[in-house]
Amino acid sequence: MSVPGNINTAPPPSSFDGDVGFYEESRWQKLRRKLIEEPLIPLGCALTCWALYEATKSMRSGDKHRTNRMFRRRIYAQGFTIIAMVAGSAYWENDRSKRKEFGELSEEKRKREKRDAWIRELEVRDEEEQELRRVRDRLVLGGGAERKGVSEEEARRLEKGGAGTGSIRSAVEAGEGRGLQGPILTAVRHLWEGRG
């Protein structure tokens, strides 16, 4: 809820402000980490591609023996890749479970910190709005009291004990005194009269 005349120009807090986890690891960094962890898998893929390329070249040249040899090498390279994947998976399983557990804990911590920061920001904004309301009310009451020749304390008493319309009613009445009878002013007058 915003206060009229709110001079707070700060943007609302973002859920990603200061969140290093959101920007932590790019795709290239993740690829590089995976290549370092399991270098045999890309090697097996490269060997498979090389065997297919050589088999294609030998097929175009018409060398059947070399083509068969390359297709066998392709099968060996694919087998090597699958064995590397299974062995790497077994080797890194403990590390992955620890990494996943650490990731979940750090994600939970980040969510908690984001939530706490968001709540603190909302509390600060609420305090700012309440202060602005108090300042606005003092100005409105002070201005209304000066016009009526009433002390500020009496004006507050009138605001609390009266019909609750205070200086707003006087603004509407001043508008009526000038002969403004538009549909908006009439609707506002009905609303205020209905509240009282």
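A disulfide is a pair of cysteine sulfur atoms within 2.5 Å. By this rule the count here is 0 disulfides. The structure is a predicted model: local features need pLDDT of at least 70, side-chain atom pairs count only at pLDDT 80 or more, and totals for chains, interfaces and linings use all residues. Residues are numbered from 1 along each chain as its sequence is written, and side-chain values use heavy atoms, with hydrogens and water left out.

**Cysteines**
- Cysteine 45 has its closest cysteine sulfur in cysteine 49, at 6.8 Å, so the two sulfurs are too far apart for a bond.
- For cysteine 49, the closest cysteine sulfur is in cysteine 45, again at 6.8 Å and too far for a bond.
- Cysteine 45 has 40% relative accessibility and counts as partly exposed.
- Cysteine 49 has 52% relative accessibility and counts as exposed.
- The classes run as follows: buried is under 20% relative accessible area, exposed is over 50%, and partly exposed lies in between (1.4 Å probe, protein chains only).

**Fold**
- The chain holds 6 helices and 0 strands.
- Helices (H or I, at least four residues) and strands (E, at least two) are DSSP runs, numbered from the N terminus.
- Along the sequence the pattern reads α-α-α-α-α-α.
- Of the contacts (heavy atoms within 4.5 Å) between residues at least 6 apart in sequence, 57% join residues at least 24 apart.

**Surface and burial**
- The chain has 196 residues, and 19% of them are buried.
- Its accessible surface comes to about 15,400 Å², by the Shrake-Rupley method with a 1.4 Å probe; for residues, only the protein chains shown count as cover.
- Carbon and sulfur atoms account for 59% of that surface.
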